[in-house]
Amino acid sequence: MENDAGEAETLAGGLRRQGHTVEIVGTAGEALRLHPQASLVLLDLELPDLDGLEVCRGIRTVSTIPVIVVTARCSELDRVLGLQAGADDYLAKPYGFRELVARIDAVMRRAGPATSATATAGVIIRGALRIDAGAREVTLDGKRVETTRKEFDVLLLLASHPDTVIPRKVLMEQVWGDSWSRRTVDTHVSSLRNKLGTNWIVTIRGVGFRFGQG
């Protein structure tokens, strides 16, 4: 996530030459929606729609994916706030490209294979409920349940973090990005409950939702 398009393209080109697959996003909404597909996030704090620290907190609420902050904010307080928000590393601009690559390698070694991307890439089985993330299919007691694209995204996000209460704002931003409303979320949750039963999604009043036990 980089707010300067030219700088982002230059960085992406260098990383691709190192063998990485790179996706550039320019807004917090895109970042919160797309980060589950990544193995690591490089996060600029200066984003047009939301402070990068809020993005970092939002990612960390639902995921253990490695996050490296790359930003012009270089004071000690900025570094402390970035790390407290959940960043795994913090690199102030200007920085050397080789240092960035070394930090990426170090963070990925510490993270190991169990990132959120790998966790959501396969099949999630919770009792009688089976969610195939790759095929985007849901079955309950062996019978297929038809879901819309957004319903599936909501269910997958909650099921991927069964012991975590997902704040309503994080759920809305990750699934709908910049175009959402409270009514939209409630409608999709209600529809999922009608299809699956009322106990698979639990409402935590004043906070958000968590995955239930069916």
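Entry 1, α1 and α5. I found that helices α1 and α5 are oblique to each other, because their axes cross at roughly 60°. I am working from a predicted model. Helix α1 covers residues 5-17 and helix α5 covers residues 97-111, and their axes come within 11 Å. I noted the crossing of α1 with α5 as right-handed. I then looked up which residues meet: L11, G14 and L15 on the α1 side, and F97, L100, V101 and I104 on the α5 side. I sorted this contact by class and got six nonpolar residues, one polar and no charged.

I turned to helix α7 (residues 149-160) and helix α8 (residues 168-176), whose axes come within 10 Å. From α7, I listed K150, D153, V154 and L157, which meet L171, Q174, V175 and W176 of α8. The classes in this contact are five nonpolar, one polar and two charged.

How many aromatic pairs does the structure hold? I found one. It is formed by W200 and F211, with 5.6 Å from centre to centre and 45° between the planes, and I logged the pair as tilted. W200 sits in the loop between α9 (182-196) and β9 (201-204), while F211 belongs to strand β10 (residues 208-211), so the pair ties together parts that are 11 residues apart in sequence. Are W200 and F211 buried or exposed? I recorded both W200 and F211 as buried.

Technical notes: Residues numbered from 1 in each chain as written. Predicted model: local features only at pLDDT ≥ 70, side-chain atom pairs only at ≥ 80, totals over all residues. Heavy atoms only, no water. Phe/Tyr/Trp six-rings, centres within 6.5 Å; stacked < 30°, edge-to-face > 60°. Helix = DSSP H or I, 4+ residues; strand = E, 2+ residues; numbered from the N terminus. Buried < 20%, exposed > 50% of the residue type's maximum accessible area, 1.4 Å probe, protein only. Axes fitted to C-alpha atoms, helices over the stretch in contact; angles between N-to-C directions. Contact = heavy atoms within 4.5 Å. Nonpolar A, V, L, I, M, F, W, Y, C, P; charged D, E, K, R; others polar. Parallel < 35°, antiparallel > 145°, perpendicular 65-115°, else oblique. Left-handed = near helix turned anticlockwise from the far one by under 90°.
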